[in-house]
Amino acid sequence: MNTFAAVLWKDLVTEWRTRDRAVAMLVFSLLTVLVLRFSHPMGALANTDEIAPGLLWVAYTFSSVIGLNRAFATELENDALSGLALAPSDRGWIFAGKALANLLILSGVQFATAVFFGLLFDIDFTPVAGRLALVAGLGAVGLSSVGTLFAAIAVRTRYREVMLPLLLLPLLIPILLSAVRATAVLLESGVLPDGPIRTLLVIDAVFAILSFITFEYVLDE
Amino acid sequence: MSSDSLAIFARGIEKRFGHVAALRGIDLELPFGRSLGILGPNGAGKSTLVRILAGLSRPTAGQLRIAGEEKDRRRVRGRVGLLSHATLLYPALSARENLRFTARLYGVEDAQSRIDTLLEELALTAAADRRVDTLSRGMAQRVAIARALLHQPPLLLLDEPFTGLDVRSAEELEVRIRAVRDAGRSVVLVSHDIERICACADRVLVISQGRVVHTSENAALDPAQLRAVYDRAAEASA
């Protein structure tokens, strides 16, 4: 637990001082929303409610990939990753600390993106804000856990910026299907659908446990 | 001598990266309180060996025991301090914050007093709260030394630690390495600098193409002779 708290503290303090990930993720996410809005035929906002969940999760997913790439790139400076891998503790706690830091940063970006999305697409999220935050949070747990694992794998490869999305995006499909479905039902009816939420919970648990266990080997050279 | 009483006991260490053999059966024994220098041309396998000794990489074959520990890789990592040409430090954190972070990773008891002592010993007290990315190369390397020694490891691994240091900083590091050895810890020093290796090491290995091709004990350490062996190794691997 000492390792978990130390890594979480280190990642958040470093991010606070450099704004390395959050700014890049936020700008990319807002630009994605902007592009999606302008690619939508002007005056044809009638069917926005139907496509909004998918568009929102496109912005969340791409911005998370940007942030996850940076999460381990900062560890390469001064070979700090080797220093981290040398820690005489269960490396799963390193994963947990980094995944939670990624989750917190992604959650902030998700909030700002949802506000911007609502303004541009003329959707009022406020009646379902709490429940939408829950769905976004459950999706973000999955994105962060499996994303942290694959970011650690990709960071040692030559083409890491390309490698991470190639490895990660196919694995995110079950998360995206459930998250988009849950968001769509929520925006349409105002209630949380049981099925997609349960699926998200199971996927999150499986990804988090597998990532925790396999991280020991991921940090080996 | 029992392998449990050695800082390093290695038998037949091999490492392959796909079809490329980086190490081809390295045997190594290093008692506590002794220092070992490792020389070799680029690509000889020196850094690969250091990273295996540190627990950062697994050997493809062979037996390795560090300070009596073989099976539990976590405990092996806890018995090693690593210093390389890269400082392993976070640039956005201060020197003190980097050391505090390391102390938590290693579960160092009474960390604050240990950090203060090391900062004082390494003449870093005045710079302790400056971010690492504002320190000179020599100062950052001293913080890296403090980082490597913080948990008082019985084995200190130094991989090209003189790279990028000015003359004065390199001399200070040389003194520090000897002090660490004299305090009863074992030191492995990898470098291209034959004179410094001779000044710091009790024993020197020359590695070429993943094999030990020469060994000298301290009584016979002769920089000129080592230079000749080194040059032959470099020619062989060219």
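I began at the interface of chain B and chain A, where the rule finds five salt bridges (a side-chain nitrogen of Lys or Arg within 4 Å of a carboxyl oxygen of Asp or Glu). I looked up one pair: the side chains of B:Arg73 and A:Asp220 meet in a salt bridge at 3.1 Å, N to O.

I noted the ground rules. This is a predicted model, in which local features need pLDDT of at least 70, side-chain atom pairs count only at pLDDT 80 or more, and totals for chains, interfaces and linings use all residues. Residues are numbered from 1 along each chain as its sequence is written, chains are lettered from A and ligands numbered from 1 in the order in which they are written, and side-chain values use heavy atoms, with hydrogens and water left out.

**Interface, continued**

Which elements give two or more residues to the side of chain B that touches chain A? I found H1, helix H2 (73–78) and helix H3 (95–106) of chain B. Helices (H or I, at least four residues) and strands (E, at least two) are DSSP runs, numbered from the N terminus. H3(B) gives the largest share, five residues. In contact are 28 residues of chain B and 31 residues of chain A (heavy atoms within 4.5 Å). The buried area is about 2800 Å², and carbon and sulfur atoms give 55% of it. That area is the accessible area (1.4 Å probe) that two parts lose on being put together, summed over both.

**Three-stranded sheet**

I traced an open, antiparallel sheet in chain B with the order E2-E1-E4. Two strands pair if DSSP finds at least two bridges between them. Strands E2 (20–31) and E4 (61–66) of chain B stand at the edges with a single partner strand each, so one side of each has no neighbour in the sheet. E1 (residues 6–17) of chain B pairs with E2(B) over nine bridges. There, B:Leu6 stands opposite B:Pro31.

Helix H1 (residues 46–54) of chain B lies across E1, E2 and E4 of chain B, at about 60 degrees to E2(B). Axes are lines fitted to C-alpha atoms, for helices over the stretch in contact, and angles run from 0 to 180 degrees between N-to-C directions.

**Six-stranded sheet**

I then followed E5-E6-E7-E3-E8-E9 of chain B, an open sheet with mixed pairing. E3 (residues 35–39) and E7 (residues 186–190) of chain B run parallel, joined by four bridges. B:Ile38 stands opposite B:Val190 in E7(B). Helix H8 (residues 223–237) of chain B lies across E3, E8 and E9 of chain B, at about 15 degrees to E8(B).
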